[in-house]
Amino acid sequence: MFGASAENLLRQAREVQDDDLQKFCSRISTLLQNKEYNKEAVDSLQKLFLIVSATKYSRTLPRDVLHKLHSTLCFLKAPQPILVLCSAILREVLPCNALTLSCDEVNDMKTMSLLSSIILAQGNKKDAVEALCSRVLKLLESRQAEGQSSRFLVPILSKILDIAPATLNEEQVNAVSKKLVDWLRYASTLQGIPLSSGGFFSPRSRQPASILEVDGAVAGDFFTVLSIGQYYTEDQWLNMHSFSMLRKWLQCFGASGVNSNDADLTAGIPKETIGNKKDKEHSFPLDEKSELDSSVMSMVSASSTSSRLMPPKERLREKTFEYCNRLIEQSDRKALKKSDSELQKACLVEAVTLLDLICRQDPLFVYRAFPVVKALYGRISSDSGFARVLLPVAQFYLNHSEVAVVDSEAVYRHLFTKIPSELYHDTMVAFEFFQFCRRNRKTLSENVGIFHKSFPNLLKFLAWNTPSLFPEFIELLPDLIRPDTTIEMLHSLLDLPCLTAALETQLRLSTSLVSEKVITDQSRKTLNSAEAFQDQYCRSMFLYILRVEAGSGDTIDRLSLLHEVLLDMAQRPRVVHCAHTVPILLQVFFNVVTQFADGVLINQLVLVILERSNLLYDIPDFKAEVQRVFSSQLMVLCKLHPALIVEQSKELLDFCGAVSNIISKENFFTHVVWAVGEYMSLSYDKRCTVEQITKFFETLEALLFEITQLRASACVPKYSPRVITVLMTTLAKLASRSQDLIPRVSLSLSKMRPFVRSALISSLYSEDDIQEILARANELNNLLKAPNVAQLILGPSADIANPRWYKDTNASLPLTLRTVSKVLQREPAPGFSA
């Protein structure tokens with residue numbers, strides 16, 4: 001957000017009236033006309049830029065001011081701040097009819113750079129972009145005058161690739177490819193000479209020094225972006241600019257004319273060298289030397305000795321390979337400065353990415369590049385500081401290990417087990433890691449076994465970086481869910497806030513001076529998170545929740561104890577943010593699981609839902625939100641597999657028989673009771689017996705009596721009308737399927753009026769709540785007086801939703817509805833008058 005002073009400036013700029021703007025522009029026009037490039041001119045141009053850029057609508061400037069800005073922009077002797085401000089103002093106000101820009105006659109490179117930014121900012125006008133591209137390429141091919149630099153043109157070319165790469169024709173692409181080859185491979189290895197400042201000790205007489213490596217040694221090979229010098233020559237600057245746009249250029253134009261079918265992959269290579277494709281499973285491990293590598297490399301090297309005879313695109317790929325190989329060699333040197341060390345890592349990422357790109361465009365490079373990447377992996381795999389480099393390395397293995405017949409399982413295992421555990425707190429690594437997984441999720445799901453088993457480790461990234469990584473993880477989550485790890489995944493998602501708390505505790509202990517003395521006193525009842533982390537008795541819980549791989553169990557036996565010792569972390573912002581995302585993650589999880597879940601898995605899921613509905617980390621609103629998701633998903637699971645009510649009858653009876661479940665999770669309890677009444681029926685499962693119906697009836701009957709009996713105590717718990725009405729309805733449904741129970745239901749229903757009209761209870765409920773309870777009791781009592789009708793209405797068959805019941809005039813449903821209407825419209829039974 002802007003500060004108060006900035007907001008004030010913006011408000012003033014927006015409130016400038018057109019008349020005042022015209023007067024202000026006249027003053028600027030005079031300054032530019034007289035070439036008064038002083039502080040007043042700079043301040044005035046800054047204010048004008050603020051005025052034209054602070055409003056949503058376009059400001060109209062006088063024609064003469066526009067021409068003065070344009071002429072100043074083309075004036076070579078104008079100071080750089082003036083030129084930049086003129087360019088910025090024209091970008092905001094153009095296009096307009098008062099001024100048309102053209103670069104046809106521009107020969108100065110800096111002016112071309114400023115003009116191009118204005119032209120390209122006006123939108124993708126094909127003619128303007130084509131004219132600009134042609135002029136840039138013409139200037140690149142022309143002989144440069146003294147003081148002119150082609151490096152100002154390379155960023156323009158890069159921007160054109162973003163906007164309209166199709167603007168370049170084949171001839172232009174080849175011409176630029178040749179330029180890139182020269183700039184990349186043949187830059188000077190001597191440092192530049194500084195400009196003379198005059199005086200007796202002029203540096204012009206000094207001999208230029210050699211370019212150095214990052215460790216201070218004299219460079220022994222060609223120049224790269226990792227070559228160090230105090231002053232750089234023009235061709236060295238072009239080398240660095242070329243490398244910065246090389247990937248973009250190859251992505252746009254590198255693949256044209258390259259065949260990637262199977263016949264071309266082995267063209268010119270002896271069959272005995274390649275081997276039969278059926279033998280790919282006999283791959284060599286990462287730590288063994290491949291004879292295939294050496295034989296193919298020698299053959300390919302011999303075929304590429306005359307690279308100058310190659311077409312421009314193929315030659316550019318060849319020089320890109322050499323350049324990347326040189327960068328990887330330079331990265332092995334120990335840098336003298338920390339900034340150079342970071343530059344080495346960045347160059348490694350780009351180098352491996354470029355190798356991957358050219359190998360995808362020309363698979364013959366795979367056999368030359370794989371030994372290089374393999375050696376690099378062996379060098380950096382043990383150093384967590386190179387974690388970001390491991391991602392493009394893993395990408396390279398993922399794309400090309402099959403072609404090179406290489407066993408890459410060790411690379412993937414290292415990537416998915418070590419990196420998240422050690423660098424979960426590195427936001428950039430976490431983001432790039434998830435981007436890698438998203439780009440390759442199909443390949444990882446089908447071919448990399450460790451990918452699915454590593455979800456406890458990937459959850460560490462999410463637990464620590466919830467706000468930034470949540471959208472990426474939501475997209476990735478469906479690919480991580482598998483039938484064999486579904487239950488463990490559900491527990492892990494429910495315990496995600498606990499994982500965040502455990503990670504915070506672990507990091508705090510590792511970076512602080514907390515005593516490492518292990519606590520062995522078991523007499524203490526309560527430990528905080530830091531003490532529990534070091535306690536032998538609690539240590540196993542933390543080890544489990546911080547595990548790196550799935551398969552070691554579904555959940556923690558002492559989960560309530562874990563929640564207790566982590567209670568001091570429950571209010572931490574990171575933990576609370578993480579808890580807010582769990583309901584959404586659960587919704588996505590169940591949406592995926594219900595697509596493949598069978599009866600056995602659904603039964604397991606219901607057991608977990610019943611168990612964990614109250615066994616959750618004590619965070620404000622967390623339990624209620626999770627129970628809300630459980631309530632909706634229980635209905636979905638019952639609809640998919642109605643027999644679960646019978647198959648899990650013991651657990652459901654235990655759950656429904658506890659009054660405490662109403663108090664702690666009323667909404668979820670209500671859904672469970674409704675599901676019992678809906679699906680405990682012979683029409684859904686032939687194993688449903690009268691004995692089972694009676695057991696559920698007696699349990700719920702006792703529960704209804706428990707919550708509706710009048711007590712002399714002054715503290716009477718209040719249960720919502722919804723719970724009472726659902727309990728009454730469920731008892732009526734069960735009684736309609738075992739008609740011997742109807743008198744008992746009628747007795748329970750007849751007690752509703754004295755219950756709600758008593759002085760003790762009526763003070764707790766509003767009149768609307770009382771009427772709701774009485775109306776439901778009246779309807780159910782009248783319905784049960786016709787048992788056959790009650791059975792049809794309260795326990796309809798599963799195919800009641802079939803359109804035939806509503807469209808076929810011969811169907812009995814219309815008659816049934818008329819009969820029910822008459823039953824429900826009877827005079828109220830004795831004791832039920834309003």
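1. The buried residues of helix α8 pack against α6, α7 (126-141), α9 and α10. Helix α8 covers residues 154-163, and its buried members are V154, I156, L157, S158, I160 and L161. Buried means under 20% relative accessible area, exposed means over 50%, and partly exposed is in between, with a 1.4 Å probe and protein chains only. Helices are DSSP runs of H or I with at least four residues, strands are runs of E with at least two, and both are numbered from the N terminus.

2. This is a predicted model, in which local features need pLDDT of at least 70 and side-chain atom pairs count only at pLDDT 80 or more, while totals for chains, interfaces and linings use all residues. Residues are numbered from 1 along each chain as its sequence is written, and side-chain values use heavy atoms, with hydrogens and water left out.

3. Overall content: the chain has 44 helices and zero strands. Of its 834 residues, 50% are buried. A contact means heavy atoms within 4.5 Å. Taking contacts between residues at least 6 apart in sequence, 74% join residues at least 24 apart.

4. The largest nonpolar core holds 261 residues, and W249, F416, F433, L562 and Y617 touch the most other members. Helix α29 (residues 573-593) gives the most to this core, with eleven residues. Such a core is a set of buried Ala, Val, Leu, Ile, Met, Phe, Trp, Tyr and Cys residues joined through side-chain atoms within 4.5 Å. What does F416 contact, leaving aside its neighbours within four places in sequence? The partners are F433, F436, C437, L444, I450, F451, S454, N457 and L458.

5. Two packed helices are described by the angle between their axes and the distance between the axes. The axes are lines fitted to C-alpha atoms, for helices over the stretch in contact, and the angles run from 0 to 180 degrees between N-to-C directions. Under 35 degrees counts as roughly parallel, over 145 as roughly antiparallel, 65 to 115 as roughly perpendicular and the rest as oblique.

6. Helices α15 (residues 338-361) and α16 (residues 366-380) cross at roughly 155°, and their axes come within 10 Å. α15 is therefore roughly antiparallel to α16. L348, V352, L355 and C359 of α15 meet V366, A369, V373 and L376 of α16. By class, this contact has eight nonpolar, no polar and no charged residues. Ala, Val, Leu, Ile, Met, Phe, Trp, Tyr, Cys and Pro count as nonpolar, Asp, Glu, Lys and Arg as charged, and the others, Gly among them, as polar.

7. Helices α31 (residues 622-640) and α35 (residues 666-679) pack at about 10°, with axes 8 Å apart, so α31 is roughly parallel to α35. On the α31 side the contact is made by Q627, R628, F630, S631, L634, M635, C638 and K639, and on the α35 side by N667, F668, H671, V672, W674, A675 and Y679. These residues divide into nine nonpolar, four polar and two charged.

8. Helices α37 (residues 721-737) and α42 (residues 787-794) pack at an angle of about 120°, with axes 9 Å apart, and are therefore oblique to each other. A732, K733, S736 and R737 of α37 touch A790, Q791 and L794 of α42. The contact divides into three nonpolar, two polar and two charged residues.

9. Backbone points to check by eye. Most residues other than glycine have a negative phi, and most peptide bonds are trans. The bond joining L94 and P95 is cis, with omega about 0°, and P95 sits in the loop between α5 (80-93) and α6 (109-120). V405 is not a glycine, yet its phi is positive, about 55°; V405 is in the loop between α17 (387-404) and α18 (409-423). D621, also a residue other than glycine, has a positive phi near 70°, and lies in the loop between α30 (599-612) and α31.

10. Are V405 and D621 buried or exposed? V405 counts as buried because its relative accessibility is 18%, whereas D621, at 62%, counts as exposed.

11. T224 lies in the loop between α9 (170-185) and α10 (234-253). T224 counts as buried because its relative accessibility is 0%. Not counting residues up to four places away in sequence, T224 touches N239, Y323, R326, L327 and Q330.
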